[in-house]
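Please read them with the structure open.

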Amino acid sequence: MKKYPSKINYGLFIFILIVLIGSSIPLIAQAVWPALLINGAVLLFVAHLYRNIYYILDNRFLKITSGVLITKKIEIQSITGVVKTKTIISAPALSFDRLEISYGQGNSVVISPKDKAIFIAHLFKLNPQINMPEQD
């Protein structure tokens, strides 16, 4: 069993911080405490996600964990393909340097392991039947 943390795009994290902190300034000035508490809760949630998005490969499953909200298990033998992608769709990934993993009948998930090459090699070792087209 090996745990792979998500790659982090710090620019995106800084943007989120700027938006949350920037929107909090007028709330503080006008003493709108309920809205300020909501901003604080969102900030804590984002910080929690940044600490708790990771992927685990064991001999049978790819387990994708995204905070306390998402835990997905994909049987490694059901994985049919892996391609690099820069998609911006919502995903358990903290970077836009991503992998799209296809599995089952038309299912896919997008992730962003920090050590992408090592992750792919480990996945291919567990299931050599995975289609991994040559990419740059």
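**Notes on the model**

1. M1 sits in the segment before β1 (2–5); helices (H or I, at least four residues) and strands (E, at least two) are DSSP runs, numbered from the N terminus. M1 is exposed, at 82% relative accessible area. Here buried means under 20% relative accessible area, exposed means over 50%, and partly exposed lies in between (1.4 Å probe, protein chains only). Leaving out residues up to four places away in sequence, M1 touches I56, L57 and D58, where contact means heavy atoms within 4.5 Å. M1 and L62 are 61 residues apart in sequence, yet their C-alpha atoms are 9.7 Å apart in space.

2. Basis. This is a predicted model, in which local features need pLDDT of at least 70 and side-chain atom pairs count only at pLDDT 80 or more, while totals for chains, interfaces and linings use all residues. Residues are numbered from 1 along each chain as its sequence is written, and side-chain values use heavy atoms, with hydrogens and water left out.

3. Overall build. The protein has 3 helices and 7 strands. From the N terminus, the order is β-α-α-β-β-β-β-β-β-α. The radius of gyration is 18 Å, well over the 14 Å that the globule rule gives for 136 residues, so the protein is more spread out than a compact globule. That radius is taken over C-alpha atoms, and the rule is 2.2 Å times the number of residues to the power 0.38. The C-alpha trace spans about 60 × 30 × 25 Å along its principal axes. Buried residues make up 36% of the 136 residues. Among contacts between residues at least 6 apart in sequence, 48% join residues at least 24 apart.

4. The core. Which residues touch the most other members of the largest nonpolar core? They are Y55, L62, I79, I101, F119 and L123, out of 25 residues. Such a core is a set of buried Ala, Val, Leu, Ile, Met, Phe, Trp, Tyr and Cys residues joined through side-chain atoms within 4.5 Å. At least two core residues come from each of α2 (33–51), β2 (53–57), β3 (61–66), β5 (79–85), β6, β7 (107–111) and α3 (116–126). Helix α3 gives the largest share, 4 residues. Beyond residues up to four places away in sequence, I79 touches L62, I74, I101, S102, Y103, L123, N127 and I130.

5. Salt bridges around D97. The whole structure holds 4 salt bridges, each a side-chain nitrogen of Lys or Arg within 4 Å of a carboxyl oxygen of Asp or Glu. K7, K86, D97 and K116 are linked in a network of them. K116 and D97 pair with their closest N and O atoms 2.4 Å apart. K116 lies in helix α3 and D97 in the loop between β5 and β6, so this pair ties together parts that are 19 residues apart in sequence. Both K116 and D97 are buried, D97 at 18% relative accessible area. K86 also bridges to D97, with closest N and O atoms 3.8 Å apart. K86 is exposed, at 59%.

6. A separate pair to check. R60 and E75 meet in a salt bridge of 3.8 Å, N to O. R60 is in the loop between β2 and β3, E75 in strand β4 (residues 70–75), 15 residues apart. E75 is partly exposed, with a relative accessible area of 34%.

7. R98. Which side chain of opposite charge is nearest to R98? D97 is, at 8.5 Å, and R98 is buried with no salt bridge; Lys and Arg count as positive and Asp and Glu as negative, with His and the chain ends not counted. R98 lies in strand β6 (residues 98–103). A polar atom of the R98 side chain lies 2.6 Å from the backbone oxygen of S95. Beyond neighbours within four places in sequence, the contacts of R98 include V83, T85, I89, V110 and K116.

8. N39. This residue is in helix α2. N39 counts as buried, at 13% relative accessibility.

Definitions and conventions
Polar contact = N/O pair within 3.5 Å; in protein donor to acceptor, adjacent residues only side chain to side chain.
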